[in-house]
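Please look through the structure shown below with its sequence at hand.

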Amino acid sequence: MACFDVILTDEAPVPTSGYSQAMRHGNLLVTSGYLGTAPDGTGVVGGGFEAEARQALDNVKAVLEAAGCALSDVIRVNVSLRDINRFSEMDAIYCEYFSEPYPTRNTIGVAELWGGAQVGFDVWAIVDADKS
């Protein structure tokens, strides 16, 4: 069985069911999916799509930082949108968090996200060998 490092921080929503915030094997880090939920467990933040997208990306960033990574270490992003017509709005916010060379990305439209959320992100990152 492979040996994994489990990443846990209270700067992002702490798991209350059967998942980890992120897992690392060697220099590969894979996060769970993050919605625009408040780290304190109070649910999806108010303020609409933009507020949710920013909170979701802030949650991803917090987990990356707990693992010794940054957004610049991300190689893959998966995006789930409840309304695929919000793609350009999501992309504008996304481009404030990520910079060139942009990670690879897959964006899908979904029927529903937990808590009525509108957008979710999960990422794969490479942990710098000097940080591991």
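Strand β2 (residues 22-25) and strand β3 (residues 28-31) run antiparallel and are joined by 4 bridges, where strands (E, at least two residues) and helices (H or I, at least four residues) are DSSP runs numbered from the N terminus, and two strands count as paired if DSSP finds at least two bridges between them. Within this pair, R24 has L29 in β3 as its bridge partner. The hairpin of β2 and β3 has 2 residues between the strands, and G26 takes a positive phi near 60 degrees there. For comparison, most residues other than glycine have a negative phi.

Strand β1 (residues 5-7) also pairs with β2, in the antiparallel sense and over 3 bridges, and here V6 stands opposite M23 of β2.

## How the model was read

This is a predicted model, in which local features need pLDDT of at least 70 and side-chain atom pairs count only at pLDDT 80 or more, whereas totals for chains, interfaces and linings use all residues. Residues are numbered from 1 along each chain as its sequence is written, and side-chain values use heavy atoms, with hydrogens and water left out.

## Strand β5 and its partners

Because 6 of the 8 residues of β5 are buried, this strand is largely enclosed by the rest of the structure. On one hand, β5 (74-81) pairs with β7 in the antiparallel sense over 7 bridges, and R76 stands opposite W124 in β7. On the other, β5 and β6 run parallel and are joined by 6 bridges, with R105 in β6 as the bridge partner of V77.

Where does N78 lie, and what does its side chain touch? N78 is in strand β5 and counts as buried because its relative accessibility is 19%. The side chain of N78 makes a polar contact with the side chain of R76 (3.3 Å), a polar contact being a pair of N or O atoms within 3.5 Å; within protein, one must be able to donate a hydrogen and the other to accept it, and residues adjacent in sequence count only if both atoms are side-chain atoms. Leaving aside neighbours within four places in sequence, N78 is in contact (heavy atoms within 4.5 Å) with N106, G120, F121, D122 and W124.

In helix α2 (residues 87-97), the residues M90, I93, Y94 and Y97 are buried. They are on the same side of α2 because they cover an arc of only 105 degrees around the axis, the arc being that of the directions from the helix axis to the C-beta atoms. S88 and E96, on the other side of α2, are exposed. The buried residues of α2 pack against α1, β5, β6 (104-109) and β7 (119-126).

## Loops

P101 lies in the loop between α2 and β6, and the peptide bond from E100 to P101 is cis, with omega near -5 degrees. In general, most peptide bonds are trans.

From C-alpha to C-alpha, G33 and A56 are 8.8 Å apart in space, and they are 23 residues apart in sequence.

D40 is found in the loop between β4 (34-35) and α1 (48-66), and D40 counts as exposed because its relative accessibility is 57%. The side chain of D40 makes a polar contact with the side chain of T42 (2.7 Å).

Key. Buried < 20%, exposed > 50% of the residue type's maximum accessible area, 1.4 Å probe, protein only.
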